[in-house]
Amino acid sequence: MDPNIMPAAETIPDQSVHHTPLPVPELPPRVLFDLVTDCNLKCPMCIVHGATEDPRLQAYLKKSMSLEDAKRVLDEIMAARPLVMPSMWSEPTMSPNFKEHVRQMKDAGLTTAMNTNGLKMNAEMAQFLVDIKFDSVFFSVDAMTSETLKKVRGITRLDLIHKAVELLMTTRGDNPLPRIGVSMTLQATNRHERDAFVDFWTKRVDAVRIGEIYEHGHFPGVHAGGERVPCSALYSTLAINTNGNVSICCLDSFNGTNMGNVFKDGVKGVWHGPKLTAMRRLHERGQWDKIPLCKNCDRWASYKYEEEVRDGLLIRRCPEYTYYNRVDRLQNWHKELHGTHKDSYNKVQEVCCAPS
């Protein structure tokens, strides 16, 4: 049995425990569309495509979300203008209808952001992303040497990823969008390259993201301090799988925590439905131990950032992530792109408007 699947009795909050219901927006501020369950890499650190021995993997692979199903969801959420991301654990550009999906998202007036390994980046794709004003593209680079890349991503052609980043930067030219960044997921095999990675890439791209690896149900590199609080993801993010099933969050790799189906019940029907509401009540009562996926998870601590401006960078830190944003390229980090971190926009405006 999937360890993330909860017996029905476990999802019932203990009514004797006091709780204060937290506000839930009418529609989610961030929506994840898992357009395709396919990837052109099998990174050892990936809890989906790197889990080659997991018996659930074969049934999970090669699924796609149809344009028609995606359009119905977009039509319902567009009034709220959420940040939308076209993937969870797979490579978004592997979708056979990737460009058509993106056009639908942009036609709905929505802000788009994605993570990519860059291996399908070519001149045509780069021009498409610039022309359609795709808002943010982060390349998962993860290493400074081919030897380290082999350990974390299973390939050695670091040069191909560098060329992909350079191609999109060159194609963008003086256009503001997309905002372009690179990321490194820290683990034992690449942690020693962290500082060199930040130093190298902050001279080249708009932003650098350093994050801690998720494995065995938690983030071993995250050291959360203070009293645990309900996870913000439950109130801000809707994670939609290819078949319309909604996971409790993106860390549910194989949708063991099905909260409902947006193709059948609509976004509001799931977002305000009994299953997600029960999960929120468990968190509000401090009963996260009743949710296997949440029991040992540290992400709840990752939604409050400390900020400083130093050496031409706006640096934002939380226990899971550190972002290095170039001050001279903050103008393309527009308000809608801040997603669930709207408070950071005020700091960006402050830094952008500061006298030189």
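**Close-up views of a predicted model**

**View 1. Strand 11 and its two pairing partners.** In strand 11, Y323 is the bridge partner of R209. The model shown here and in the other views is predicted. A hairpin is formed by strand 10 and strand 11, with 3 residues between them. Strand 11 (residues 321-326) is mostly covered, with 5 of its 6 residues buried. In a regular strand, side chains alternate between the two faces of the sheet.

**View 2. Lining of the second largest cavity.** The model has 2 cavities of 30 Å³ or more. The second largest cavity holds about 180 Å³ of space. Its lining consists of 17 residues, and those nearest the centre are C231, A233, C249, C294 and C297. Helix 8 (233-236) and helix 11 (292-295) each contribute at least two residues to the lining of this cavity. By class, 12 of the lining residues are nonpolar, 2 are polar and 3 are charged.

View 3. The structure holds 0 disulfides. For C39, the nearest cysteine sulfur is that of C43, 6.1 Å away, and C39 is in no disulfide. C231 counts as buried because its relative accessibility is 11%, which is under the 20% limit. Both C231 and C297 are among the residues nearest the centre of the second largest cavity.

**View 4. Lining of the second largest pocket.** The volume of the second largest pocket is about 210 Å³. It is lined by 13 residues, of which Y60, K63, N241, T242 and N243 are the closest to its centre. The lining of this pocket divides into 3 nonpolar, 7 polar and 3 charged residues.

**View 5. Two residues with positive phi.** Most residues other than glycine have a negative phi. K133, although not a glycine, has a positive phi of about 60 degrees. K133 is located in the loop between helix 4 (123-131) and strand 4 (136-140). D142 is also a residue other than glycine with a positive phi, near 75 degrees. The loop that holds D142 runs between strand 4 and helix 5 (146-153). Are K133 and D142 buried or exposed? K133 counts as exposed, because its relative accessibility is 51% and the class begins over 50%. D142 counts as buried, because its relative accessibility is 1%.

View 6. Most peptide bonds are trans. The bond from L177 to P178 is cis, and its omega is near 0 degrees. P178 lies in the loop between helix 6 (158-172) and strand 5 (179-186).

Notes:
Residues are numbered from 1 along each chain as its sequence is written. This is a predicted model: local features need pLDDT of at least 70, side-chain atom pairs count only at pLDDT 80 or more; totals for chains, interfaces and linings use all residues. Side-chain values use heavy atoms; hydrogens and water are left out. A disulfide is a pair of cysteine sulfur atoms within 2.5 Å. Buried means under 20% relative accessible area, exposed over 50%, partly exposed in between (1.4 Å probe, protein chains only). On a 1 Å grid over the protein atoms alone, a cavity is a set of points where a 1.4 Å probe fits but cannot get out, and a pocket is an open set with protein on both sides within 12 Å along at least five of seven lines; lining residues have an atom within 4 Å of a point. Grid points are joined across faces, edges and corners, and a volume is the space filled by probe spheres set on the points. Helices (H or I, at least four residues) and strands (E, at least two) are DSSP runs, numbered from the N terminus. Ala, Val, Leu, Ile, Met, Phe, Trp, Tyr, Cys and Pro count as nonpolar, Asp, Glu, Lys and Arg as charged, and the others, Gly among them, as polar. Two strands pair if DSSP finds at least two bridges between them.
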